[in-house]
Amino acid sequence: MKLLVRAVAALLVALPFVAIALVLMCFQDQPLVPGSVQLTPQDIEKAKRILDEHDPRKAGPGGMQKVTIEERDFETTLNYAASRVGGHGIARVALRPGSVWLRATVEVPRSPIGRYVNVDAVLLETGAL
């Protein structure tokens, strides 16, 4: 029993440090996605419409929504969101059957831990989602 209590205590102490380490790993000195994106007024209007139509606060019971979106529209919406969050952001998306590949970079003010927040993720469809 003492071993179990010690293991749980160690986990509770280590968890915040692991979370901080994971966040710090996102900061890097070089952008993962180089370049920049120029959004037209039409792109911005379409991205706003997509975000408004699929606002998670408007989701039904269980908070789940089904979204059908073209790759270019999804990428444009992510680029718009990145520009609103960090000012200088860029995202690249590839939609494939059963998966989404996402690479994104947001430039943040210069700091000792890095100038860019980079994300490289693959989302896979599962039986439940």
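Modeller: One definition before we look at this predicted model: Ala, Val, Leu, Ile, Met, Phe, Trp, Tyr, Cys and Pro count as nonpolar, Asp, Glu, Lys and Arg as charged, and the others, Gly among them, as polar.

Colleague: Thanks! How do the residues lining the second largest pocket divide by class?
Modeller: The second largest pocket has a volume of about 270 Å³. Its lining is made up of 17 residues, and Gly35, Ser36, Val37, His88 and Gly89 are the closest to its centre. By class, the lining has seven nonpolar, nine polar and one charged residues.

Colleague: Which element gives the most to that lining of the second largest pocket?
Modeller: Helix H3, strand S2 and strand S3 are the elements that each give two or more residues to the lining of the second largest pocket. With three residues, the top contributor is S2.

Colleague: Let's turn to the largest pocket. Which residues lie nearest its centre?
Modeller: The largest pocket holds about 960 Å³ of space. H2, H3 (71-86), S2 (88-96), S3 (99-107) and S4 (116-124) each give two or more residues to its lining. The lining has 25 residues in total, and nearest the centre of the largest pocket lie Gln65, Val67, Phe74, Val100 and Leu123.

Colleague: How far apart are the end C-alpha atoms of helix H2?
Modeller: H2 covers residues 41-53, which makes 13 residues. At 1.5 Å a residue, H2 should therefore span 18 Å. The model agrees with that expectation, as the end C-alpha atoms of H2 are apart by 18 Å.

Colleague: Which residues of H2 are buried?
Modeller: The cut-off to keep in mind for buried is under 20% relative accessible area. In H2, the residues that are buried are Asp43, Ala47 and Ile50.

Colleague: Last one: is asparagine 79 buried or exposed?
Modeller: Asparagine 79 lies in helix H3. Beyond its neighbours within four places in sequence, asparagine 79 is in contact with Val37, Leu39, Gly89, Ile90, Ala91 and Arg92. Its relative accessible area is 3%, so asparagine 79 is buried.

Terms used:
Residues numbered from 1 in each chain as written. Predicted model: local features only at pLDDT ≥ 70, side-chain atom pairs only at ≥ 80, totals over all residues. Heavy atoms only, no water. Helix = DSSP H or I, 4+ residues; strand = E, 2+ residues; numbered from the N terminus. Expected span 1.5 Å × (residues − 1). Buried < 20%, exposed > 50% of the residue type's maximum accessible area, 1.4 Å probe, protein only. 1 Å grid on protein atoms, 1.4 Å probe; cavity = no way out; pocket = protein on both sides within 12 Å on 5 of 7 lines; lining within 4 Å. Points joined across faces, edges and corners; volume = space filled by probe spheres on them. Contact = heavy atoms within 4.5 Å.
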